[in-house]
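Subject: Structure handover

Hello,

Here is the structure for your files. Please open it alongside the notes below.

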Amino acid sequence: MLKKKWLALFVLLSIKLSAQVKPENGVAPSKPEYIAFIHATIYVSPSQKIEDGTLLIQGDKVISVGSKIKIPSSAVLVDCTNKVILPSFIELYSQIGLPEKITSTTKGATYWNESIHPDFDAASRFEIDNKSNENLLKMGFGIALSHYQDGIVRGSGALISLGQNDVNKQLIQSQSGLFYSFSKGSAQQTYPSSQMGSIALLRQAFYDLEDYSNSNNQDRNISLEEWKSKLSLPSFFKTDDKWEILRADKIAKEFNQTWNYIGTGKEYAWLPNHKNLNGAVIIPINFPEAYDVKDPYVARQIPLSDLKHWELAPSNPSILAKNKISFAITTAGIKQPEQFWANLRKSISRGSTVNQLLEALTTKPAAILGLSKSIGDLSPGKIASFSIFSKDPFTENGTLLSSWLLGTEKAHKVLPKIDLRGQYALTLDKKEYQFELSGSPEKLEGKITTFKTTIDSKNNTSKTDTIRQNMSVSYAENDVIIQFNLNDNYYNGSVNLHGKVYGKDGGIFEGDASLPDGRMNYFAATRTKKSKEKDEKSSILSDTSYLGEIWFPNMGFGNDTLPKSNSFVFENVTAWTNESEGILTEACVIIENGKITYVGKDKGTYPKNAIIVSGKGKHLTNGIIDEHSHIAISKGVNEAGQAITAEVSIGDVLNSDDINVYRQLAGGVTSAQLLHGSANPIGGQSALIKLKWGHTPEEMLIPNAPKFIKCALGENVKQANWGENNTSRFPQTRMGVEQVFYDGFNRAKKYQQDWENYKLKKGNKPRKDLELEVLSEILSENRFITCHSYVQSEINMFMHVADSMGIKINTFTHILEGYKVADKMKKHGAGGSTFADWWAYKFEVNDAIPYNAKMMTDQGVIVAINSDDAEMGRRLNQEAAKSIKYGGMTEEEAWKMVTMNPAKLLHLDNTLGSLKPGKDADIVLWDSNPLTTTAKVELTLIDGAVYFDQKKDELLQRRNEMERGRIISKMLQSADQGETTKSFVKKGKKHFHCDTLGEEGTESENTH
Amino acid sequence: MKLTFILTFIFVQFIYFAQPAKILIIDGFLHKGNGETIDHALVGIKNGIITEIGNSLVTRFNKADWDTIISVEGKHIYPGFIAANSTLGLTEIDAVRATRDFNETGEFNPHVRSQIAFNPESKVVSTVLTNGVLVCQSTPRGGIISGSSAIMTLNGWNWEDATILADDGIHVNWPSSLQGGGWWAEPAPKKTNENYQIQKNEIDAFFELAQAYFEGHNKDKEMKFDQRLEAMIGCFKGAKRVYFHADEMQQILDIISFSSKFKLKFPVIVGGYDAHLLGKRLKDSNIPILIRRIHSLPENEDDPIDQSFKLPYLLKKEGVLFGIQNAGDMEAMNARNLPFQAGTATAYGITEEEALQSISLDVCKIIGIDKKYGSIEIGKSATLFVSEGNALEMKTNNVSLILVNGEFAPTTNFQSDLFQKYSKKLGAKKQN
């Protein structure tokens, strides 16, 4: 790696100093040997600022910098009095000079999936793009790393010096970074269609890369070859939502990669608690605009999460800095240079320092690129790329005057050399006038005073009026042109002056005037009083207004602090034990260290500092376990791109910020199996979670939970309800579904055999295949199947397939015709997780009956009632009660269907599912019998910590309202102060069901 | 007690074919549906009409006066519940297009009538009836004016004899002040509906046209017949209700002005998620609400988690007349859960009697059939049922007797038949 950096440095310097490749037309342009920028304020580096200093450059390099340095006599001097020099900023995330869309990046012997194109090289496609160049230059950038922002493995980026008019000069270094993302982009293939699919594809590609590098594979693959050679480049991962950095980082760790993450601007809300990333973060500073909140009907619908983010986003840099997280800054998302500087200053008002921001724009990106030796600051030996501002742009509204790029100037604006402002005496045609020049040195405003005497003939009195007239003034170099109208006792009409300025400070200008009567005449103006330099104390005021706290998660109903485990004693409570004791009245239940320690009719030993809860009239149960849920999932519940997608995992794409987590806690749910959808026969792996509201996705996962996978049968798998166009993917019939399973399992058997042979040194090392790995886990019974199923024929079929493979189907889910084959299920050893009473939504549920749960139970099948629906998920207690109505189940049996039985089906009954000493303290306190419509949850505990408290919920509602009111009035104030606003965009709802395709779902889904 | 049950069962089997004219139900706990209850009640029915109500412990009756006397001791008697605003009878299997008969093409379809498409033999209908929902307002969907709904019993031989009230009202889908959403696999974010005013004006213009037709119809006998506008006449006369489907504040306020502009006699808001914020104005304008499904998630991320559960209470507090309905995902099948939706509301500030009133008498007031239906009172139709326990609870909703217009209806359906059939096949309960 170190070697590589040195090589890069060598390439960088040698390219720029080497001879021109293109022949000159005529004699080569003349250039000064040295240029010295004198009397400047120079930010040499984030930690070094020099006042009245000199910067000496030779060619494209800095020779020396300091306040007292020797200037060679051949140097051209550039006076920078009052001006500020900043090292050029470095943009790491850019597509500058590359086309918006490149039709095909993959031709030839490339990777099978188009979204993996590491072979793409930006240097081979980029062109001069003056408009984007100009925009970045105006923000103060001089260097950009440009890459093609499309696909999962996007290829390499080229490091570019901005402002050059020749592609060869513009390219500093061709392969300077390798880029990744989770976004499939313009690839035409159906796979991947979800984020978990992207993750699986990226991981598989990494394994393929390892395989390609290590084995004597005869197939050539350009993509993998190029990727291999680019792996040591600085690497970047673009993320699009809050948790993607953590998702990517998991992969980085798996494959020993160091990735720099282009973030979302929401890092302040979580990164301080998760610092050990395999790489740096690059944060955008396109802070959200305020919403237009004038209409209260609209304002009340804006999610508090958006309001809070609006308020806190400008604090992102300062919060990261305060937590000692160093970061780089990208301009991604910012269109106007003014906005860039305004946002930087805004972040300074929130506590960021100039040092921190400058570092994030210069030395940090240079370090990320491994080019700290050559770029990033203005110490001797570095490239001569810097910007000259009229004032310090970090603290004042400074204007960019010129960008120096590799020692060549690109001028943006010329300031007048002399400040002409002041009061003047004007002699014009032998008459005297007074005028004043004010405004700014670049943009002068003039006012002339004239007198007009009128005589009242009646009284014979005279009256003199003083008239002040505006003058239009233009000034460039040392020419002044002034126009004004005169209406006095001498002239009536326009006067035009053109004068030359004399004197070091101005002071006098003289020339010719054209008068209203058509004559030209000499004029002279002498300054009588110089304007006092207005001391523009415009240093940034720090924003001391109250800023909202960061909640966990940072949205409505978020926790102020994360819940902590406590000791509890529930006294005199009706305890639904789910054990042989049955339902105990006036019982005592004790919780300590996140576990249940005592359940009984007597009083147990009270732990120290225990919270004592009177359970009189109340009911205490285990937390509800939802065997089939799709809440808290990001960007797709189905990977529908292929018939078998065992390689994808819901656990990779958890979203702990789903409000439904909180809503379900309020319904007594503490654990859930988050399942892949049912669009294909073998879907993805499940995630078993506890509903730990406020924690990160990883922290919600139940540690060491058994592994599960979703399979599916019937109409969804055969695309029966997908319209007339979906009639070609295999399978289209139940007959085909059977064959898909045999094919998958037989391939997995062969895969297992190949590895076995390899271990016995009887064969070559097989290619590692994530899909077959997972299928092998099923065959060796290390992974359990939850299978979506409806009609008896397919249920029977799948048990036969399993029997022939020597495995068991762990759970049939939905299983609405389970009652027809309950005896066979019992014999096979399968459980059933079903709906209480759903039916009539498609043809295959025509014989679904609400007695199903009871009938399967009676045959000895372990039966759970599940939701598959975010709304029903919070009323599973009611759904369980329906089996009392339909078939006459006992209350205890019914209750077990949403607690103990799903725990058994998920193989979590050692720790969950009943009130038994030693089990996890996932506990719900109900105000009445939980099997009634009127039962309400008072407390929900997970591992002994309170995650829902009905009384606190009321306070949270009030707190949400106050926070909303506070931020909305702040928004209105900021709009009054001239900040721009945008109108509200209500996000579509994302409620996933089994057969929701694509990355988002809607509420109107009605098939399951 | 057990004997009574058996007797009742035999009775039902028998009388299903030979309907008696004079029925006396005694000893039950009567929920009248208007808030009143009587323990040990006596309910007498003659020719389908309730003729007597009293206390069976004190009221003397002559056995000979009655064709059948049914004792329902320990059980509860309820007026038949009403599933307002439902596609029940118009759909069978959601995913199969051939079975969907509720969404006609076209934007302004007041002339399209659900009554004649109602399928009394629907298997879905049979499973709803047996939970105590005996009447529905069979309602079309789609377009701006979906069509005219009809009020039907769930125990008919054909649509004609199932009809309680044909063409009871038209259904207007008020435009949303927010728009967008894309299609289901690629939903776009919603945003402020810039065409809201235009869409609102379309409805306004249509009503202007209809009003002119109505005025002309009164005075000008020669006027050209218009099938579509003819269907609107009842709305101005007061013979038809106008159901506005709307949830948002903006919509509701506009509907209040719209109703007063056109002097609509019976405007109703269906949905009404935000209605509690406009209680006084709704009360003053006399506009009732058919509240959207209680078992639904809050509309906005930050809304109170129990917002849908407590909407009945919030409207009660404001004095707004409301009923509970169940439109939404799988609404036909889910109509059998209407009693439990009302039950859930009782945990959030309304009483049990108020809850059942919101799916019986109050709904009937809103849809205009309260003179004959919705409560168990003398002079009203004997459309009622007996449940083993509280009918608003899953545990105890167990319907053992159903009368629709005085006729016994089956308390079993094809699902309970399948239960019997396969229970027999599977044999006795196995040990776990």
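First, a term: two residues are in contact if their C-beta atoms, placed from the backbone, lie within 7 Å. Residues are numbered from 1 along each chain as its sequence is written, and chains are lettered from A, with ligands numbered from 1, in the order in which they are written. The model is predicted: local features need pLDDT of at least 70, side-chain atom pairs count only at pLDDT 80 or more, and totals for chains, interfaces and linings use all residues.

Domains of chain B

Chain B is assigned domain 1 (2-79 + 396-422) and domain 2 (81-373); such bounds come from an automatic or database domain assignment. Taken over C-alpha atoms, the centres of the two domains are 31 Å apart. Across the boundary, 18 residues of domain 1 of chain B are in contact with 17 residues of domain 2 of chain B. On the domain 1 side, β5 (76-79), β17 (399-404) and α14 (414-426) of chain B each supply at least two residues. β17(B) gives the most, with three residues. By class, that side has seven nonpolar, 11 polar and no charged residues. Here Ala, Val, Leu, Ile, Met, Phe, Trp, Tyr, Cys and Pro count as nonpolar, Asp, Glu, Lys and Arg as charged, and the others, Gly among them, as polar.

Strand β32 of chain A

Helices (H or I, at least four residues) and strands (E, at least two) are DSSP runs, numbered from the N terminus. Strands pair if DSSP finds at least two bridges between them. β32(A) covers residues 669-674, and six of its six residues are buried (20 or more other C-beta atoms within 10 Å of a residue's own, C-beta atoms being placed from the backbone; exposed means 12 or fewer, partly exposed in between). Four bridges join β32(A) in parallel to β31 (residues 624-629) of chain A. Another four join β32(A) to β34 (residues 687-690) of chain A, antiparallel.

Loop residue B:L154

B:L154 is found in the loop between β8 (145-153) and α3 (159-162) of chain B. B:L154 is buried because 29 other C-beta atoms lie within 10 Å. Leaving aside neighbours within four places in sequence, its contacts include B:V125, B:L129 and B:C136.

Best wishes
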